[in-house]
Amino acid sequence: MSKPVSKSISCQDDFDPESLPAEIALNRIIDALEPVSEAERVPPRKALWRVLAEEIVSNINVPSGTNSAMDGYAVFGNDIPENGTAILELAGSSFAGKPFSGTPQPGQAVRIMTGAVMPPGMDTVIMQEHVSVEGERIRIDDATRPGANVRQAGEDIAAGDPVLGKGHRLTPADLGLIASLGTENVLVSRKLRVAFFSTGDELRSVGEELADGQIYDSNRYTLYGMLERLGVESIDMGVIRDDREALRRGFDDAANTADILITSGGVSVGEADYVKEILEQCGSVDFWKVAMKPGRPLAFGQVRGTWFFGLPGNPVSVMVTFYQFVQPALCYLMGMQKIKPQTLKVTCRSNLRKKPGRIEFQRGILDYNDNGEMVVYKTGAQGSGILRSMSQANCFIVLPMDSGSIEAGMSVDVQPFYGIV
């Protein structure tokens, strides 16, 4: 009696019992990692997109003193009439950086500019529109309530207030906030060193001539762009041919210089796909298949202390697996508190084909319909080699493992690119 022939699961199959669910795969990655402990102090202008390694606490009040919220006239609230108008004597002016130097008395007013310190005792600013100037006096009406149009000392930030927490990734607004405290340097996690290379005899770099069967390597350019946005120190190791010894040297070089190594290609089941084999010899493999489309052949492991991500070779698969697994892992290693992308639920205006068995990340375009409601359309052909679909898209349409095809008008989950790309 002949033995049954075992079938090798193809990456085109919708269900593979050996593939990890995407959520479990990401959890296993995060559980294996430990955020970097090294940190450095840098000035605010060098800190954009860096991750805080300590909490920032304000040593001062912001604003430092009670000041005017607009151009107008500073007065005592008790001088505002309950009805009709009142005449006040002009006592002088207060400018930002050049405050009124005297001590005003009830029945007086001080011309004041936005941001200028309030004269002693005065508690209200009347807008210019409610004032008529009559020589050295002004006439005010009853339209302003006492205490209006004044910013109190410490209204934005009080001395001793925690301002930004450890693990926060610094945005342009944060740089201004830090500068408003007079902080010269901030402590941030050191930059991660991330090496990457592509594998394949068919790949050529930009500027080289193509022979029959050869293609230009686009993956290193998308990887470079994605890594640049994360603010890491990227190390482009070029293209390494499908050769065991060349790949082994590439692994060794990366392990000597980088915290993380990312490869593209060579992790599938082809005869010349050596990445997984070499990794098992010189390191360890945690898993190498995830139940997702595109991007099932995804390897995660370690080479002598350097974390390894083996991404598929197809261009779209590289980007999808990077954003769903590598980027959250890098963010976690940098010490960030929030590592997962935001998800919205919107109405889909396209018919989407899908079979249960793996999560899918289709490329979509978020837009508004005629009623001002947010909707999503697919970009067109969803093949893993169609990089143009990523260029046209502004979101991922996320279809869960157990879902089937989607009909136009149904709700779907989307990940906007502005939050993860």
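Author: W49, R50, V51, S189, R190, K191, L230, G231 and M334 line the largest cavity, lining residues being those with an atom within 4 Å of a cavity point. The model is predicted, so that local features need pLDDT of at least 70 and side-chain atom pairs pLDDT 80 or more, while totals for chains, interfaces and linings use all residues. Residues are numbered from 1 along each chain as its sequence is written, and side-chain values use heavy atoms, without hydrogens and water.

Reader: What makes this space a cavity?

Author: On a 1 Å grid over the protein atoms alone, a cavity is a set of points where a 1.4 Å probe fits but cannot get out. The search of the whole structure finds one cavity of 30 Å³ or more, and the largest holds about 40 Å³.

Reader: Why are α3 and α6 called roughly parallel?

Author: Helix α3 (residues 219-230) and helix α6 (residues 315-333) pack at an angle of about 25°, with axes 11 Å apart. Angles under 35 degrees count as roughly parallel, and α3 is therefore roughly parallel to α6.

Reader: How is α1 related to α6?

Author: Helix α1 (residues 22-32) packs against α6 at about 30°, with the axes 10 Å apart; the two are therefore also roughly parallel to each other.

Reader: Which residues of α1 and α6 meet?

Author: A22, A25, L26, I29 and I30 in α1 meet Q324, F325, P328, A329 and Y332 in α6, where contact means heavy atoms within 4.5 Å.

Definitions and conventions:
Axes are lines fitted to C-alpha atoms, for helices over the stretch in contact, and angles run from 0 to 180 degrees between N-to-C directions. Helices (H or I, at least four residues) and strands (E, at least two) are DSSP runs, numbered from the N terminus. Angles under 35 degrees count as roughly parallel, over 145 as roughly antiparallel, 65 to 115 as roughly perpendicular and the rest as oblique. On a 1 Å grid over the protein atoms alone, a cavity is a set of points where a 1.4 Å probe fits but cannot get out, and a pocket is an open set with protein on both sides within 12 Å along at least five of seven lines; lining residues have an atom within 4 Å of a point. Grid points are joined across faces, edges and corners, and a volume is the space filled by probe spheres set on the points.
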